[in-house]
Amino acid sequence: MVKCSKSAVRRLKTALHWKIPSTQRERIQMVLLRESGITQPAIAAAMGVSLSTVSRAHMSYDQCGIKALKPKPNGGRKHENMSLAEEKALLGRFAKRAGAGEMLNIHELKAAYEKAIGHSTSDSTVYNLLHRHGWRKLMPRPFHPKRDLAAQNAKAAFLTL
């Protein structure tokens, strides 16, 4: 246990008045309670957290000061294949054709994407890429793949009589 100086305790008390996340405020309180002589198990019980949480907060403060009590960001694209800029550049190659009225073939886009990242990927990855960049399906399928042209022509000829 490292004992804080009076100036460090003053800084911690001042930091409680800052606009900071609640987790950081709780960690500062844990350090201040330690400085007032309360044991770690008692601090854990009073704060409603585990003993390891109190211990980690104390160790981080002892090693790096008040900045170490700031919560780490979570979320984001942790397993990305390409950066957003790289994805935008890849879609830029297809944007001219799509803007000219041509239909974008997902299989061509997927092949270009797989070539850029160096390994195969699922269709949903490519669809998520399109969604992430604001692309959407504007045109429905023009005909059913199992249509019967002969039956349609026969019906059209019957209706014209």
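The residues lining the second largest pocket divide into four nonpolar, three polar and five charged, where Ala, Val, Leu, Ile, Met, Phe, Trp, Tyr, Cys and Pro count as nonpolar, Asp, Glu, Lys and Arg as charged, and the others, Gly among them, as polar. The model is predicted, with local features requiring pLDDT of at least 70 and side-chain atom pairs counted only at pLDDT 80 or more, while totals for chains, interfaces and linings use all residues. Residues are numbered from 1 along each chain as its sequence is written, and side-chain values use heavy atoms, with hydrogens and water left out.

On a 1 Å grid over the protein atoms alone, a pocket is an open set of points with protein on both sides within 12 Å along at least five of seven lines, whereas a cavity is a set of points where a 1.4 Å probe fits but cannot get out; lining residues have an atom within 4 Å of a point. Grid points are joined across faces, edges and corners, and a volume is the space filled by probe spheres set on the points. The lining of this pocket is formed by T23, E26, R27, M30, V49, T53, R56, A57, S60, A68, K70 and K72. Two or more of these residues come from each of α2 (22–35) and α4 (51–64), the helices being DSSP runs (H or I, at least four residues) numbered from the N terminus.

One cavity of 30 Å³ or more is present in the structure. The largest cavity holds about 30 Å³ and is lined by F94, R97, A98, E102, M103 and L104. By class, this lining comprises four nonpolar, no polar and two charged residues.

Apart from neighbours within four places in sequence, L69 is in contact (heavy atoms within 4.5 Å) with Q24, R27, I28, V31, A57 and Y61.

Residue H58 is located in helix α4 and counts as buried because its relative accessibility is 2%; buried denotes under 20% relative accessible area, exposed over 50%, and partly exposed in between (1.4 Å probe, protein chains only). With neighbours within four places in sequence left aside, the contacts of H58 are M30, V31, R34, Q40 and I43.

Helix α5 (residues 84–99) bends by about 40 degrees at R93, the bend being the angle between axes fitted to the seven residues ending there and the seven starting there. Within α5, E87, L90, L91 and F94 are buried. The elements covering the buried residues of α5 include α6 (106–117) and α7 (123–132).

K3, in the segment before α1, is exposed, with a relative accessible area of 55%. K3 and D62 lie 59 residues apart in sequence, with a C-alpha to C-alpha distance of 8.9 Å. R136, in the loop between α7 and α8 (149–160), counts as exposed because its relative accessibility is 68%. The C-alpha atoms of R136 and H107 are separated by 16 Å, the two residues being 29 residues apart along the chain.
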